[in-house]
Amino acid sequence: MMELDKQPKPDIRDYAHAIVKGTISSIPIPFVPGIAAEIFSILFTPSLLKRQDEWMSSIAQGLIQLQEKVEGFNLEDLSSNESFVTVTLQATQHALRNHQMEKLEALRNAVLNSALPNTLEDDIQLIFLGLVDTLTTWHLRILKLFDDPTMWAKENQRPFPKNWGMGGVSQVVNHAYPELERKGELFQQIVRDLSTYGLAQIPSGMMTVSGMLSSRTSNFGKQFLHFISTPKPLE
């Protein structure tokens, strides 16, 4: 028999997976009676299990990377970090209801950012998680575009025309996402939503090129984008 002091100790990956699994396992699965349970099981269980496994692996891998790159970051401390546990539970429920990679990536980044020191206060984190769940991928894309159109163009290798004169913000969007050009009602709804949630102020009317390419996000919007973006240590 192996002596106690010679037993292999769990490594960083064991801790990461244990923390994530222990947190997520507390989410209740809805009870479905009778034959409905069989139908539910056949239709949804394989997909739900696959989503859960992929989500857990994604979070665990991110935590491992933080442990390796952030001085003073300790995975073992997270199990007693109530704020992190709450964010992880909330994000997990949103993630299991979603299949879109952009939103799953935003939720993952939110969890990882919540694990870092000096993160946002609890209420703001929960508001931002709710926004990720509520907003569509188009909301997230356009908000990112409006935060810094010039940087967006550089990162996406889609420079804006140099011969632009006067124009509006819709011209910027249509250049970045031509597929939205004939979806004016969708764009207008997105603009209203971003304004309603206090994430951006997007003016109507004509303006100079400088005005067209100015940042339109509020401080709240910038905080939101930072919270759902890849943590700085992992960039």
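A salt bridge is a side-chain nitrogen of Lys or Arg within 4 Å of a carboxyl oxygen of Asp or Glu. This model is predicted, so local features need pLDDT of at least 70 and side-chain atom pairs count only at pLDDT 80 or more, while totals for chains, interfaces and linings use all residues. Residues are numbered from 1 along each chain as its sequence is written, and side-chain values use heavy atoms, with hydrogens and water left out.

The structure holds six salt bridges. Among them are these:

| Pair | Closest N to O distance |
|---|---|
| Asp133 and Arg97 | 3.0 Å |
| Arg108 and Glu105 | 3.9 Å |

Asp133 belongs to helix α6 (residues 122–134) and Arg97 to the loop between α4 and α5 (101–115), so their bridge ties together parts 36 residues apart in sequence. Helices here are DSSP runs (H or I, at least four residues), numbered from the N terminus. Lys50 and Glu54 sit four residues apart in helix α2 (residues 34–69), about one helical turn. Arg108 and Glu105 share helix α5, three residues apart.

Arg108 is buried at 12%. Glu105 is partly exposed at 34%. Asp133 is partly exposed at 27%, and so is Glu54 at 46%.

Ser83 lies in helix α4 (residues 82–96). Ser83 is buried at 18%. Beyond its neighbours within four places in sequence, Ser83 is in contact (heavy atoms within 4.5 Å) with Asp122 and Gln125.

Notes: Helices (H or I, at least four residues) and strands (E, at least two) are DSSP runs, numbered from the N terminus. Buried means under 20% relative accessible area, exposed over 50%, partly exposed in between (1.4 Å probe, protein chains only).
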